[in-house]
Amino acid sequence: AVCKSYRERSESCQHSLSKKLYSIMETKSTNLALSVDLTKSNDILQIVDTVGPFVCIVKTHVDIVEDFSQSFVNHLSDLAKKHNFILFEDRKFADIGNTVNCQYNNGIFKISSWADIVNVHPVPGEGVIAGIKQTGLSLGRGCLLVAEMSSKGNLATGDYTKAAVKMAENHKDFVIGFICQSRLTDDPNFIHMTPGVKLSSGDDALGQQYSTPEDAVINKGADVIIVGRGIIQATDPVSTAKQYQQAGYNAYLQTLK
Ligand code: UP6
């Protein structure tokens, strides 16, 4: 059931954002999400403009940007149109519904005004989804649940992960998938996105655990691989992004066999 082409998946999912994402993945032959974890807006825009042709998603941590401005967001949104990718703010909301709704809409970042996708930790219960959904649904946004994590010793395992899948099923109109390390369901409505990916596996000094693009897609069942430092710290980010794109896409093609 999992081994379907992006075209078939785009047809079998309900949410317009999921359909759009799968159609981008098909058109651009990529399942690569760039995690652009840089602190200066010009550095972010520069790398996104050069790597943009090879990715389906650009993922941000907007709260690490030192010179954040509305102009930065405008430029980022222009690049998303220019290169045809989706914007994912990796905010990992984790509070009561009312608070996450305030955090989503307000403050300096006004995340709901520009991010197509955000993610939430299921730890507070369904209210965390309801809080984001209150504003996000009518804007056509989507949300991912952090059902598993890549870091050593994390607590998002077992019954917690199972409960996350149930929560997603209760909010199919808004939850479009998971941040995860394994295939959690065959329901075509849920996209599986896997961080902790590098061309050579291993760990960093702070508990991150890496698997290769092949391992993530073929063994862990990832639809989308999320790569940060593997690309942004490479000597040549553009040619390295192409390598990740090819590795991820070839692994996808193998799952179709
Ligand atoms: N991320 C993980 N693991 C998770 C969830 N999210 O690494 O379970 C995020 C990190 C970072 C990116 O916040 O932005 O994915 C991974 O970056 P890296 O490739 O440089 O390790």
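Ala 33 stands opposite Ile 226 in strand β10. Strands here are DSSP runs of E with at least two residues, helices are runs of H or I with at least four, and both are numbered from the N terminus. The model is predicted, so local features need pLDDT of at least 70 and side-chain atom pairs count only at pLDDT 80 or more, while totals for chains, interfaces and linings use all residues. Residues are numbered from 1 along each chain as its sequence is written.

The pair just named belongs to a longer contact between two elements. Strand β1 (residues 32–35) and strand β10 (residues 224–227) run parallel and are joined by three bridges; two strands count as paired if DSSP finds at least two bridges between them. Helix α10 (residues 237–255) packs on the sheet and touches both β1 and β10. Touching, or contact, means that the C-beta atoms of two residues, placed from the backbone, lie within 7 Å. The direction of α10 makes about 145° with that of β1. Such angles run from 0 to 180 degrees between N-to-C directions, with axes fitted as lines to C-alpha atoms, for helices over the stretch in contact.

In general, strands of a sheet pair through backbone hydrogen bonds, either parallel or antiparallel. In this model, eight strands close into a barrel in the order β1-β2-β3-β4-β5-β6-β7-β10, with parallel pairing. The twist from one strand to the next averages 30°.

Gly 177 has Ile 191 of β7 as its bridge partner. β7 and β10 pair in the parallel sense over two bridges, and the bridge partner of Thr 194 in β10 is Ile 225.

How do the strand side chains sit? In a regular strand the side chains alternate between the two faces of the sheet. Strand β7 (residues 191–194) has Ile 191 and Met 193 on one side and His 192 and Thr 194 on the other, all of them buried. Buried means that 20 or more other C-beta atoms lie within 10 Å of the residue's own, exposed means 12 or fewer, and partly exposed lies in between, with C-beta atoms placed from the backbone. In strand β2 (residues 57–60), Ile 57 and Lys 59 point one way and Val 58 and Thr 60 the other way, and all are buried.

The loop between β7 and β8 (202–203) holds Gly 196. Gly 196 counts as buried because 21 other C-beta atoms lie within 10 Å. Leaving aside residues up to four places away in sequence, Gly 196 touches Ser 150, Gln 208, Gln 209, Tyr 210 and Ser 211. Gly 196 and Gln 233 are 37 residues apart in sequence, and their C-alpha atoms are 15 Å apart in space.

The ligand is surrounded by 16 residues, of which Met 149, Ser 150, Pro 195, Gly 228 and Arg 229 are the closest. The shell divides into five nonpolar, eight polar and three charged residues. Here Ala, Val, Leu, Ile, Met, Phe, Trp, Tyr, Cys and Pro count as nonpolar, Asp, Glu, Lys and Arg as charged, and the others, Gly among them, as polar.

Most residues other than glycine have a negative phi. Asn 84 has a positive phi of about 60° and lies in the loop between α4 and β3 (86–93). Lys 92, in strand β3, has a positive phi near 45°. Asn 84 is partly exposed because it has 16 C-beta neighbours inside 10 Å, and Lys 92 is partly exposed because it has 14.

For the chain as a whole, there are 10 helices and 10 strands. Of the 257 residues, 42% count as buried. A compact globule with 257 residues would have a radius of gyration near 18 Å, and the 17 Å of this chain agrees; the radius is taken over C-alpha atoms, and the globule rule is 2.2 Å times the number of residues to the power 0.38.

Notes. Near = placed C-beta within 6 Å.
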